[in-house]
Amino acid sequence: MYPSMLRTAGDWFADFEQLQDRIDELLTGRSMTSSIRAVGRAGAFPALNVGTSADALEIYAFAPGIDPKSIDVSVEKGILAIAGERAAANGDAPAAKGGERNVYASERFAGKFRRVIALPEDAEPSRVEATYRNGVLKVVVPKRESSKPRQIQVSSGS
Amino acid sequence: MQPQANTVAPSQQPQQVQRGGQRTGPSLLPAVDIFEDAGGITLVADLPGVAREDLAIGVDGRSLTIEAPVQLGESSALTSVYAEVRANHFRRSFELSSDLDTAKIDAGLRDGVLTLRIPKAEQAKPRRIDVRVE
């Protein structure tokens, strides 16, 4: 209940855990308000950045090393989903043909992935465009004409 | 913790980098896979949003540094509403051991994935010594 009471003297691991939690919170943006259907997870693949302009919502998915044709981008009931699969790097390296190999680091994501984003009310899901360049998938969701900011001309009364 | 003497050990680089007064602020640590076979070491790094012409791979003595800016080509009118990637450049350094031939490093970048092949120096390759029968 009270972490400080349960801690034994010299339990400096607990301090590290607290520090880790705080860093995670800051780095993963868990302290930011997020949509209930798209809560950011630490280390989720692909990482997502979302930006908005007057005309559109732009989503950037950092998904390197994937065949663009195999990426599945879909919109259903206001939910945008990005799904696909990434193969492990082991197979295509020259040493896979035979012989011994040592693995020193295996940090890169491999396997199936799926991430979803709840689109805002003013999004126009029928005109979503997706492009893949340098390992980044860019999805542009235009906003409805009616929701765009516009200038209203004031006419002089006669 | 050192697995073997001839590994490419991820070195502890400070996150805050300043190089030639150009870039300050936090950098992203790219995720890597590192394999070793008899011929050398293969390093695979995720560098999404990096164009080939922007990628800088430097060898200084026994230190290998990968550095590249992230270019998304977003319009300036864009306001960020949610961000998991919060820095605009990648940087990571590795310490190379002396049995690797730094002059023959081969690099390829495709779809944001960098593949580096660092061959072993000839004298460091394992070889079989035949025992003569007298």
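In which sense do S5(A) and strand S2 of chain B pair, and over how many bridges?

**Before selecting anything**

This is a predicted model, in which local features need a pLDDT of at least 70 and side-chain atom pairs count only at pLDDT 80 or more, whereas totals for chains, interfaces and linings use all residues. Residues are numbered from 1 along each chain as its sequence is written, while chains are lettered from A and ligands numbered from 1 in the order in which they are written. For the complex, the predictor gives an ipTM of 0.74 and a pTM of 0.71.

**Stop 1: chain B**

The average is 80, and 81% of the residues score at least 70. Next, select residues 1-22 of chain B, where the pLDDT is below 50; beyond near neighbours in sequence, this stretch has 28 contacts in the model. Two residues are in contact if their C-beta atoms, placed from the backbone, lie within 7 Å.

**Stop 2: where the chains meet**

Display both chains: 35 residues of chain A are in contact with 35 residues of chain B. On the side of chain A that touches chain B, the elements giving two or more residues are strands S1 (47-52), S2 (56-62) and S5 (101-106). Strands are DSSP runs (E, at least two residues), numbered from the N terminus.

Now select S5(A) with residues 32-37 of chain B, which form S2(B): the two strands pair in the antiparallel sense over 5 bridges. Strands pair if DSSP finds at least two bridges between them. Here A:Ser106 has B:Asp33 as its bridge partner.

**Stop 3: the sheet of 5 strands**

Select the strands of the open sheet in the order S7(A)-S8(A)-S2(A)-S1(A)-S6(B); the pairing is antiparallel. S7 (129-133) of chain A and S6 (79-83) of chain B stand at the edges, each with a single partner strand, so one side of each is left without a neighbour in the sheet.

Then select S8(A), residues 136-142, which 5 bridges join to S7(A). In this pair, A:Ala130 has A:Val139 as its bridge partner.

**Stop 4: the sheet of 3 strands**

Finally, select the open antiparallel sheet of chain A with the order S3-S4-S6. Its edge strands, S3 (72-76) and S6 (111-118), each pair on one side only. S4(A), residues 79-86, pairs with S6(A) over 8 bridges. To end the tour, select A:Gly84, which stands opposite A:Phe113 in S6(A).

Notes. pLDDT = per-residue confidence, 0-100. Helix = DSSP H or I, 4+ residues; strand = E, 2+ residues; numbered from the N terminus.
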